[in-house]
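Take a walk through the model shown here.

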Amino acid sequence: MSDVDLSEEQYENCREAGEILAQVREETAERVEVGASHLEIAEWAEQRTRELGGEPAFPVNISIDEEAAHATPSIDDETTFGEEMVNLDIGVHVDGWLADTAITVDLSDTPDLAEAPEAALDAALELVEAGVSTGDIGARIEEVIDDYGYNPVVNLTGHGLARWEQHTPPNIPNRAVSQSVELEAGDVVAIEPFATDGSGKVGEGNETEIFALENERSVRNRDAREALDQITEQFRTLPFATRWLDVDRPEMALRRLERQNVVHSYPVLKEDAGNLVSQKEHTVIVTENGCEVTTQR
């Protein structure tokens with residue numbers, strides 16, 4: 001792919017999505033403080049994305065303490081921030097072309113843990129170019145996080161981004177692995193180290209507020225049918241939140257759609273209780289001699 005034309009419209013849209021997202025990430029992080037509302041922060045960030053000319057690529061993830069991913073407020077959520085480790089994971093798309101970024105806002109007074117994934121990401125970005133092995137990137141991430149005295153979350157990875165697809169190959173591991181692939185010029189990938197003072201493995205919790213289309217098929221229930229119409233028209237294959245649906249009893253509609261394998265859920269992923277998880281993520285376009293970070297201001 002050495003002849004990739006990075007002036008093509010898809011890359012311009014990726015850059016625009018990243019530029020919007022970098023601004024939204026910074027402005028949202030500034031609003032995270034003890035006593036602030038999770039729901040108000042998430043809705044503010046999603047609306048700010050639209051004001052700047054993009055669309056949310058997935059619901060704003062607000063993960064607290066042991067939570068690592070897929071936590072987003074419910075429709076009537078009244079949760080507020082305490083003295084906690086807060087991870088914001090935000091996505092933007094422009095005409096289906098994506099950018100994905102994350103930042104830790106440390107309200108828990110654990111600065112080294114908050115800093116570890118940021119340092120790991122900086123080190124990983126220095127390696128990225130066409131021909132580099134994803135395993136080498138993972139090894140560098142693991143080395144930096146180890147040096148901080150923490151563990152990488154080994155069963156979460158970075159990933160490719162494609163039009164209307166949030167997770168595509170290649171996976172970018174957060175540890176050294178024996179099997180990997182080489183990045184190619186033109187690849188758009190999200191690199192996202194996670195660090196933890198726990199075991200380094202996350203599991204599924206019981207809470208689910210995020211879903212995505214699995215199979216489009218006819219459904220008989222009216223509310224479920226209306227929900228499916230909105231999903232296919234507005235979100236396509238991108239993840240969405242229960243609170244985004246404009247139907248009566250959206251939770252029940254989604255349960256019906258899930259039972260029929262029309263949508264699949266993203267349960268909250270978490271470490272063991274009592275542990276903390278931190279995160280930092282950027283989206284990059286791989287070039288022959290390095291990379292272009294689209295989500296950096």
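What follows covers some backbone features first, then salt bridges.

This is a predicted model: local features need pLDDT of at least 70, side-chain atom pairs count only at pLDDT 80 or more, and totals for chains, interfaces and linings use all residues. Residues are numbered from 1 along each chain as its sequence is written, and side-chain values use heavy atoms, with hydrogens and water left out.

Start with the backbone. The peptide bond from Pro169 to Pro170 is cis, with omega near 0°. Pro170 belongs to strand β7, residues 165–172. Helices and strands here are DSSP runs, numbered from the N terminus (helices: H or I, at least four residues; strands: E, at least two).

Now turn to phi. Asp95 is not a glycine, yet its phi is positive, about 55°. Asp95 sits in the loop between β3 (85–94) and β4 (97–106). Its relative accessible area is 41%, so Asp95 counts as partly exposed. The cut-offs are these: buried is under 20% relative accessible area, exposed is over 50%, and partly exposed lies in between (1.4 Å probe, protein chains only).

Asp109 also has a positive phi, near 60°, and is a residue other than glycine. Look for Asp109 in the loop between β4 and α3 (111–127). Asp109 is exposed, because its relative accessibility is 67%.

Next come the charges. How many salt bridges does a search of the whole structure find? The search finds 11. A salt bridge here is a side-chain nitrogen of Lys or Arg within 4 Å of a carboxyl oxygen of Asp or Glu.

Begin with Arg15. Arg15 forms a salt bridge with Glu12, at 2.9 Å from N to O. Both lie in helix α1 (residues 9–29), three residues apart, so about one helical turn separates them. Arg15 is buried at 18% relative accessibility. Glu12 is partly exposed at 40%.

Arg15 has another partner. Glu292 and Arg15 meet in a salt bridge of 2.5 Å, N to O. This pair links distant parts of the chain: Glu292 is in strand β17 (residues 290–293), Arg15 is in helix α1, and they are 277 residues apart. Glu292 is partly exposed, with a relative accessible area of 26%. Together, Glu12, Arg15 and Glu292 are linked in a network of salt bridges.

End with Glu118 and Lys280. The closest N and O atoms of this salt bridge are 3.8 Å apart. Here, too, distant parts of the chain are linked: Glu118 is in helix α3, Lys280 is in the loop between β15 (277–279) and β16 (282–287), and 162 residues separate them. Glu118 is partly exposed at 38% relative accessibility, whereas Lys280 is buried at 11%.
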